[in-house]
Amino acid sequence: MHSTQTITPATSLTTPVLLLMAVATGLCAGSNYFNQPLLHSIAVALDVSDATAALTVTVSQLAYALGLLLFVPLGDMLERRSLASGLMLLAAAGLFISGYAGSFAMLVAGTVMTGLFSVAAQTLVPMAATLSEPQRSGRAVGLVMSGLLSGILLARSAAGLLSDLGGWHTVYRAAGCLMVLLALALWHALPASRNPVALRYGQVLRSLVALAAHHPRLRSRTLLGALTFASVSVLLSSTTLLLSGPVFALGDSQIGLVGLLGVAGAMMASVAGRLNDRGWGTATSAGCLLLLLVSWGALRLGLASLPWILLGTLLIDIALAGIHISNQGVIYQLDPGARSRINAVYMTGYFAGAATGSALGSLAWRLGGWNGVCVAGTVLALASAAALRYDYELARKR
């Protein structure tokens with residue numbers, strides 16, 4: 001069975017509730033990015049190398065990908081409000097473990113737990129689409145995704161600033177407390193929502209394969225998302241090493257502030273959602289892919305020039321947001337009754353791509369420094385362009 005219809009009223013979500021969902025998704029997603037500006041401080045505090053500390057970036061993304069596969073499909077099986085709130089409480093436990101970690105092994109354990117259960121964000125995004133009026137679902141998804149992307153970007157800034165104030169662990173403790181409060185607020189504010197036909201867990205997991213096999217554009221857009229996020233993750237896993245190195249010698253808070261440029265990417269999510277509602281999703285994807293390629297050109301010039309780094313970071317965040325929202329605009333229309341499972345397929349591939357990109361970024365840094373990083377990111381961006389071309393041919397055949 002590919003789908004079941006949800007009978008929750010389309011008017012259940014008001015703008016304040018959507019904003020609350022946006023904040024919650026932002027904190028959930030951002031929790032996996034706190035470590036990025038703190039890698040050097042973590043390495044010093046826990047007596048490991050910078051390269052070892054950087055492994056926490058890949059670990060968090062792999063855990064998130066696994067959580068997407070195991071838990072997000074439950075949104076088509078269980079009551080969604082309870083699922084989202086419960087996952088957030090478990091993610092909060094992971095944040096507290098990281099916040100009180102006295103060893104690298106304990107930090108990894110907390111990182112894994114946070115990554116697994118912070119996928120609560122990805123139960124809220126399809127929920128926004130499901131509970132909104134069909135002609136306004138793009139706006140709803142864009143608003144919630146703006147919160148998610150803002151969370152990812154602001155997480156790096158908050159982590160850097162709080163590290164200077166109270167040490168690298170401070171952001172984890174503060175975020176754990178906020179996560180608990182938001183979980184309770186969502187439980188109070190969200191309407192009950194579930195598919196009326198009960199599905200068994202094994203049936204839900206098997207249907208993921210069936211959905212991927214049945215929808216070619218789910219496969220093509222998942223590939224596009226994975227390659228795009230891989231290209232961006234090459235930057236995310238290595239830019240801290242460049243900025244904290246001898247050329248720039250920036251501190252945690254200064255590195256974190258670079259992430260504020262990505263607020264433009266979060267704004268792009270809302271714009272892209274509206275463009276999708278007008279039928280311009282493919283054009284948006286193409287324009288953002290061009291920005292992705294241009295961004296790597298700017299970053300290549302940034303080896304000894306901070307303004308080029310800032311420009312490249314700004315462009316790459318805009319590109320990532322626009323392509324991601326365009327992808328979701330396509331896949332959520334494939335089977336409205338199976339949006340949680342479709343989202344699970346897409347996001348699992350998306351973050352598997354991110355983990356691959358992070359690993360490639362670390363490898364490229366070790367082998368070729370910043371020039372190697374830029375080559376790796378550009379190659380992945382070109383592969384993304386090929387994936388979009390493939391998706392365009394599929395759309396034409398339909």
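**Rings, helices and buried residues: a short tour**

C28 has 0% relative accessibility, so C28 counts as buried. Buried here means under 20% relative accessible area, exposed means over 50%, and partly exposed is in between, with a 1.4 Å probe and protein chains only.

A word on the source. This is a predicted model, in which local features need pLDDT of at least 70 and side-chain atom pairs count only at pLDDT 80 or more, while totals for chains, interfaces and linings use all residues. Residues are numbered from 1 along each chain as its sequence is written, and side-chain values use heavy atoms, with hydrogens and water left out.

Back to C28. What is the closest cysteine sulfur to that of C28? The one in C177, at 15 Å, which is too far for a bond. A disulfide is a covalent bond between the sulfur atoms of two cysteines. The cut-off used is a pair of cysteine sulfur atoms within 2.5 Å. A search of the whole structure finds zero disulfides. Another cysteine, C374, is also buried, at 3% relative accessibility.

Now the aromatic rings. A pair of aromatic rings is described by the distance of the centres and the angle of the planes. Rings of Phe, Tyr and Trp (its six-membered ring) pair if their centres lie within 6.5 Å. Planes under 30 degrees apart count as stacked, over 60 as edge-to-face, and the rest as tilted. How many aromatic pairs does a search of the whole structure find? Eight.

Take Y346 and Y350. This pair is stacked, with 5.5 Å centre to centre and 25 degrees between the planes. Both sit in helix α16, residues 339-397. They are four residues apart there, so about one helical turn separates them. Helices are DSSP runs of H or I with at least four residues, strands are runs of E with at least two, and both are numbered from the N terminus. Y350 is buried at 4%.

Y350 has another partner, F351. Their ring centres are 5.6 Å apart and their planes meet at 80 degrees, so this pair is edge-to-face. F351 is buried, as is Y350. Step back, and ring pairs link Y64, F229, Y346, Y350 and F351 into a cluster.

Helix α15, residues 306-331, holds H324. H324 is buried, at 3% relative accessibility. Setting aside residues up to four places away in sequence, H324 touches M145, Y346, M347 and Y350. Contact means heavy atoms within 4.5 Å. H324 and L224 are 100 residues apart in sequence, yet their C-alpha atoms are 8.9 Å apart.

Stay with α16. T348 belongs to this helix. T348 is buried, at a relative accessible area of 17%. Beyond its neighbours within four places in sequence, T348 is in contact with A65, L68 and L69. A polar atom of the T348 side chain lies 3.4 Å from the backbone nitrogen of L69.

Further along α16 comes A376. At 19% relative accessibility, A376 counts as buried. A376 touches V234 and A364, again not counting residues up to four places away in sequence. Q254 is 122 residues from A376 along the chain, and their C-alpha atoms are 26 Å apart.

Next, helix α9, residues 201-214. It has 14 residues. From first C-alpha to last, α9 reaches 20 Å, close to the expected 20 Å. That expected span is 1.5 Å times one less than the number of residues. Which residues of α9 are buried? V204, S207, L208, L211 and A212. What covers them includes α3 (50-70), α10 (216-236) and α16.

Now a loop. N35 lies between α1 (15-30) and α2 (39-45). N35 is buried, at 3% relative accessibility. A polar contact of 3.1 Å joins its side chain to that of T56. A polar contact is a pair of N or O atoms within 3.5 Å; within protein, one must be able to donate a hydrogen and the other to accept it, and residues adjacent in sequence count only if both atoms are side-chain atoms. Leaving aside neighbours within four places in sequence, N35 is in contact with I42, T56, V57, S60 and Y172.

Last, charges over rings. The charged end of R81 sits over the ring of W187, 4.2 Å from its centre. R173 lies over the face of Y100, at 4.0 Å from the ring centre. The test is NZ of Lys or CZ of Arg within 6 Å of the ring centre and within 35 degrees of the ring normal.
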